[in-house]
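Please read the following report alongside the sequence and the coordinates, which are shown first.

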Amino acid sequence: TQRCTPVSGVQLCLSIYRHSDALQCLAYNPVSPHLASCSISDFAFWSTEQKAVQKFKSGARINACAWTNDGQYLALGLGSGCVSIRNKAGEEKSRIERPGGAQSPVWALAWNPSKEESADVLCVADWSQTLSFYTMGGKLVGKERNLGFDPLCATFFNKGEYLLLGGSNRLCTLMTKDGIKLGTVGDEQSSWVWSCAARPDSSYVAVGCQDGTIAYYQLLFSTVHGLYKERYAFRENMTDVIIQHLLTDQKARIKCRDLIKKIAIYKHRLAVQLPERVVIYELYSAETTGMHYRVREKINQRLECNLLVVCTNHLVLCLERRLQCLTFNGVKEREWVMESAIRYIKVVGGPPGHEGLLLGLKNGQVWKIYLDNVFPVNLLKVDAAIRCLDLSPSSNKLAVVDENNHCLVYDIHNKNLLFQESNANSVAWNSHCEDMLCFSGNNVLSIKAGNFPVHQQKLMGFVVGVCGSKIFCLHVSTMSSIEVPLSAPMYQYLEKKMFNEAYRVACLGVTDGDWGSLAHAALDGLELEVAKKAFIRIKDLKYLELITDFQDRQRKGETEKDLLTADILAHRGKFREAARLYQKLGQEQRALNMYTDLRMFDLAQEFLGSVDTADRKALIRKKADWAHNINEPRAAAEMYLSAGDTVKAIEIIGENSWVDMLVDVGRRLDKADRDGLMRVARHLARLGQPGYATEMYRKLGDDRSIVLLYVEARDWREAFSLADKHPEYRDLVYIPYAQWLAENDKFVEAQKAFHKAGRPEEAFRVLQQLTENAVNESRFQDAAYYYWVLSLQCLDLANQSDTYKTDHSKNECFQDIQAFFSLWFFSTRIYVNNIIALFGENNFTFYMSPHIGNNTDISIQIADKKKDMTAKYYEHQKRASMYYAYDTIQKYLDEPFTSYMPEALFNISRYLMNELRILQPKGVSQLYPLVLRKLCLYHSTPFGAMP
């Protein structure tokens, strides 16, 4: 049923449903709006989404119930000794059977809420006085724990790290999540504890008893830890030891599976005190950053102590005024009894087995004991109880913090008080610096270096150690390593010009800006070694070069410090101050060089009064160089000219193609400056100004360069004119002219030019190459012409005569060939006439050559003929005739039409077949004339193209 009642203006709705038996337990779903109610014989799920409540039979008495963390399943603890896990539909997913059956009813259930667990873990406590842990599937996790009492309630605490268990022992027991007993919450109650609950996200616990008593407690977990230099060991979850390397932030975990009472660490040793034994661990590796520990010894004794200290081979126990030294076997070797309670112990090191310990007593005394000496040594006494103390790295100074929050520092040798500071609750010397200590108090960190004032900054917690720039701070139960730049102490040393001390502080840890300040301050103080190291740290190469230069100058005997100071000012950009100092020292040249290098030429001129003209010109040249580099070429050229550096000026003017300026410079130059005039002329020629270039060469009287200029410009008329005036330059003109003609396919003219240049061999080589190319390209008519010209060249070389005419045209070549054919065709004049008619159509003129006929138009003076050239002459003539004849046959067989009569083709074929028996020119086929002759024999009528 559902009832709605208005209360204070708010409508409250009440839903009621009934079980047939007495209710035993209730559990609200942590995720969805479902309520599980359990009676003796059944259970039900109520939801705001459903009007009807469905009940399910359990088969046994239900004593406890608990939802899983995701709210999907409900665990029921039954009086039959079973645990039934149901889903929201009431269906049983799994069942856990306890060994005792009905003799061990389940009265306490709890699911572990820890998110670190890979699966849901159910805590089951039954009246066989056993505590067990299971997965959802009913698999046992870990081992069962014997309780010694009948459990009645169980709940997890502190996000699943701890377990609270109440029962017939009238106590609320605190356990780990694995069931390891840690202690009890509060005192023993007057009746059984039926219920216990932990306040979420807090350390408060409520306990409900059978007699109606409700107790409310706050649990405080003390910090159990130990520190030695950069290694820190602390307790976690009451049963685990975490070893942390504070510099590398590496961590290692040791699971002791029992309540940890005390922890001590020293170098490679770690001691852990458990309720019934003490376990000593050692580092597995000798590395300074190693984190692998292994068990070395176990002392199976129940030891009581206030403070625990471990050394290399001994264990030291402190109980009020008594101090005991035990071996790792548990044997007591030595004992000391102090006048007052011991408040603080610190191991200060020493050889193995002979370590020294500092003791701070409640009456203000400070003692030092050695493990191998029964007699303690009294160091000093302060006015109040000692809270903390520390010894400097060199063991020369002792820092003490007393109950009045005073930090007192003593010279340990003469016991004099060096200084004291207030508002301190902990103190630690810097392990890397003898003159620096840190102390904390009122959430303020104080750093004191030497005798300088204290530098303070905000810090939450207690300082327990200092290593370089790392501050080890303990805040509540968390140890952290904080990087603190030691800039303030460094600047304190710099103010006193204590550069070496400042450098040592900087090495502990400062910013790059602080390193720069140290470097420049040391450089100002001319502490070159310190400055060099500091500049190396910030990688400032410019100042490192300067310091190296200073050191070289000092080795050479230069001791003027003001001069070094002036150089430093110049490197820092304080140029006016540097220049004034240079001038004061009589070093005007250095000021001039400085301003010149900086391109401050106007300021540099102020220092030219006492220097010579050479320096003035050098200044102008540097100014010109600067103008050229900043892309001001015209100004640079004018400055070079004014400084007398005409070569650089001409090059700049030529690069920028300023013709008028080049001409003006060239006209102003003296004839003796041949290099300048030559450069001007070359630039003018390159810029396409041959007239102006010629003017410069004429000024130099260099006719050869003028000839080359005309040749390069292809001005052949002027070049021929100069060649005629100066025959010694004919080669310079005609050879390039002949090559130019050959490049432009004017081979006949090129031949003439080569002959005029006196290079007949070159003319012969070019012509021979042209002939071979024509044959390779099947241009047989051109090949015939080239062979004909080649034959005449051979004849000319054979005769070595200048009277022979080589200006035959292509018509003359064909006329010679026609005359040669007339000797073969004398019986058939009609065919020769047909050939003459064919050549006439192409505007060719025929006449008889002197070496074939009796025509006397060409006269040859024959003298001293060379046999090889003569033989080549006849060979080339024959090749010319054969190529010309073969061209007709080749065109007839390859082309579709021809104008030749069959009789003419027949006689040409006869000629070729007859000649091919003796000479076989390249490219001439023997098959073509034979085929053509056969065709002519079988066809008596004119015919066209061959198929």
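L418 is partly exposed, with a relative accessible area of 40%; here buried means under 20% relative accessible area, exposed means over 50%, and partly exposed lies in between, with a 1.4 Å probe and protein chains only. The model is a predicted one, in which local features need pLDDT of at least 70 and side-chain atom pairs count only at pLDDT 80 or more, while totals for chains, interfaces and linings use all residues. Residues are numbered from 1 along each chain as its sequence is written, and side-chain values use heavy atoms, with hydrogens and water left out.

L418 belongs to strand β41 (residues 417-421), strands being DSSP runs of E of at least two residues, numbered from the N terminus. Leaving aside neighbours within four places in sequence, L418 is in contact (heavy atoms within 4.5 Å) with K397, V409, Y410 and D411. The C-alpha atoms of L418 and A399, which are 19 residues apart along the chain, are separated by 9.8 Å.

The nonpolar cores come next. A nonpolar core is a set of buried Ala, Val, Leu, Ile, Met, Phe, Trp, Tyr and Cys residues joined through side-chain atoms within 4.5 Å. The largest has 50 residues, of which V241, I243, L270, L315, L323, L357 and L359 touch the most other members. Strand β28 (residues 278-283) gives the most to this core, with five residues. Apart from it lies another core, of 43 residues, including L445, F499, I547 and F550.

A hairpin of six residues joins β5 to β6, and Q54 in β6 is the bridge partner of F45.

Aromatic pairs are Phe, Tyr and Trp rings (for Trp, its six-membered ring) with centres within 6.5 Å, counted as stacked when the planes are under 30 degrees apart, edge-to-face when over 60, and tilted otherwise. A search of the whole structure finds 17 such pairs. F43 and F45 form an edge-to-face pair, at 5.7 Å centre to centre and with 75 degrees between the planes. Both F43 and F45 are buried, and F43, F45, F56 and W67 form one aromatic cluster.

Key:
Two strands pair if DSSP finds at least two bridges between them. Helices (H or I, at least four residues) and strands (E, at least two) are DSSP runs, numbered from the N terminus.
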